[in-house]
Amino acid sequence: MKFLIVITARSGSKRLKNKNLLPFKKKPLIYWTIQHAKKISLQKKIVISTDSKSILKLANKYGVSTKWLRPKKYALDKSSSESVVKHAYLTEKKNGFDAQAIIILQPTSPYRTTKSIKKAINIYKKNPSIPLISVSELRHPNKILKLNKNKVSLLTNKKKIFMPNGSIFIINSKQALTTNNYLNKKMNFVIFKGVRENLDIDTKQDLLLSRALYKVNI
């Protein structure tokens, strides 16, 4: 099975400017996701989907040979992940690499492990007709509150609740071309545990936390 690994890294970010290039463990943040992708033993091609020449140049320096930039219409705040991935897949198909499946990695998850990625891929391979998503468990799901003006009510819940953590997503190419919403009712999943691996750096506070976790090694 041929995999296209798409690392999504647009230049615009309102909450944390140029976040994909910010230093983390003495390397730009995007470096760590590139290393994750390179360590995966698959029939694969890694591409960077970005509208930034600086990010593209840096990715090429780290061994990802992508020759194209993401069109501006796919790099807006309102641009969907689905449209970005479709563009990357069709561009690489035109260039001669026709993948059966697509792995999407975001640069803002530097603490994901190769072990977790391999686990996700193995789960996906068992049933490639079903997309796979990485999730984190919501803490204290039995203490969820519903707020309405000045009224607070406790929502009764006895089950575990999970949410997407954005770290990894896998989908077959045919589905990627036909869906406009990756969150389907029928999906496989891999659970990421702990604060580190579930960390998504999207704000200055997230960045400071990630650096602090690295310093104390917890």
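**Entry 1: a partner for Lys2**

Which residue is the bridge partner of Lys2 in β4? I looked it up in the model, which is a predicted one, and found Gln43. Lys2 belongs to strand β1, which covers residues 2-8. I then followed the pairing along: β1 and β4 run parallel to each other and share 7 bridges. A reminder to myself: strands of a sheet pair through backbone hydrogen bonds, in either a parallel or an antiparallel way.

**Entry 2: the whole sheet**

Next I wanted the order of the strands. I read it as β4-β1-β5-β9-β6-β10, an open sheet of 6 strands with mixed pairing. At the edges I found β4 (43-49) and β10 (188-192), each of which pairs on one side only. From one strand to the next, the twist averages 25 degrees.

I checked what lies against the sheet, and helix α3 (residues 81-94) packs on it. This helix touches β1, β4 and β5 (101-105), and its direction makes about 130 degrees with that of β1.

**Entry 3: around β9**

In what sense do β5 and β9 pair, parallel or antiparallel? I found them antiparallel, with 5 bridges, and noted that β9 spans residues 162-172.

For Glu137, the bridge partner in β9 is Phe162.

**Entry 4: the nonpolar cores**

How many residues does the largest nonpolar core have? I noted 39, and the residues with the most contacts inside this core are Ile103, Ile168 and Ile170. Helix α1 (residues 29-38) gives the most to this core, with 6 residues.

**Entry 5: three salt bridges**

I turned to the charged side chains. Side chains of opposite charge can pair when their charged atoms come close. I found 3 salt bridges in the structure.

My first stop was Arg10 with Asp77, where the closest N and O atoms are 2.6 Å apart. Arg10 sits in the loop between β1 and β2 (23-24), and Asp77 in the loop between α2 (53-61) and α3. These two residues are 67 residues apart, so I wrote that the pair links distant parts of the chain. Arg10 has 23% relative accessibility and Asp77 has 48%; Arg10 therefore counts as partly exposed, and Asp77 likewise counts as partly exposed.

Then I looked at Glu92 and Lys45, whose side chains meet in a salt bridge at 2.6 Å, N to O. Here helix α3 holds Glu92 and strand β4 holds Lys45, with the two 47 residues apart. Is Glu92 buried or exposed? I found it buried, with a relative accessible area of 2%. Lys45 is partly exposed, at 26%.

My last pair was Lys72 with Asp51, with 3.7 Å between the closest N and O atoms. Lys72 is in the loop between α2 and α3, Asp51 is in the loop between β4 and α2, and 21 residues separate them. Lys72 counts as exposed at 57% relative accessibility, whereas Asp51 is buried, with a relative accessible area of 12%.

**Entry 6: stepping back**

Finally I looked at the chain as a whole. I counted 7 helices and 10 strands. The radius of gyration is 18 Å, close to the 17 Å that the globule rule gives for 218 residues, so the chain is as compact as a globular protein of that length. Along the principal axes, the C-alpha atoms fill a box of roughly 55 × 40 × 35 Å.

What share of the 218 residues is buried? I noted 48%. I also looked at contacts with a separation of 6 or more, and 72% of them are between residues 24 or more positions apart.

Notes: Residues are numbered from 1 along each chain as its sequence is written. This is a predicted model: local features need pLDDT of at least 70, side-chain atom pairs count only at pLDDT 80 or more; totals for chains, interfaces and linings use all residues. Side-chain values use heavy atoms; hydrogens and water are left out. Two strands pair if DSSP finds at least two bridges between them. Helices (H or I, at least four residues) and strands (E, at least two) are DSSP runs, numbered from the N terminus. Axes are lines fitted to C-alpha atoms, for helices over the stretch in contact, and angles run from 0 to 180 degrees between N-to-C directions. Contact means heavy atoms within 4.5 Å. A nonpolar core is a set of buried Ala, Val, Leu, Ile, Met, Phe, Trp, Tyr and Cys residues joined through side-chain atoms within 4.5 Å. Buried means under 20% relative accessible area, exposed over 50%, partly exposed in between (1.4 Å probe, protein chains only). A salt bridge is a side-chain nitrogen of Lys or Arg within 4 Å of a carboxyl oxygen of Asp or Glu. The radius of gyration is taken over C-alpha atoms; the globule rule is 2.2 Å times the number of residues to the power 0.38.
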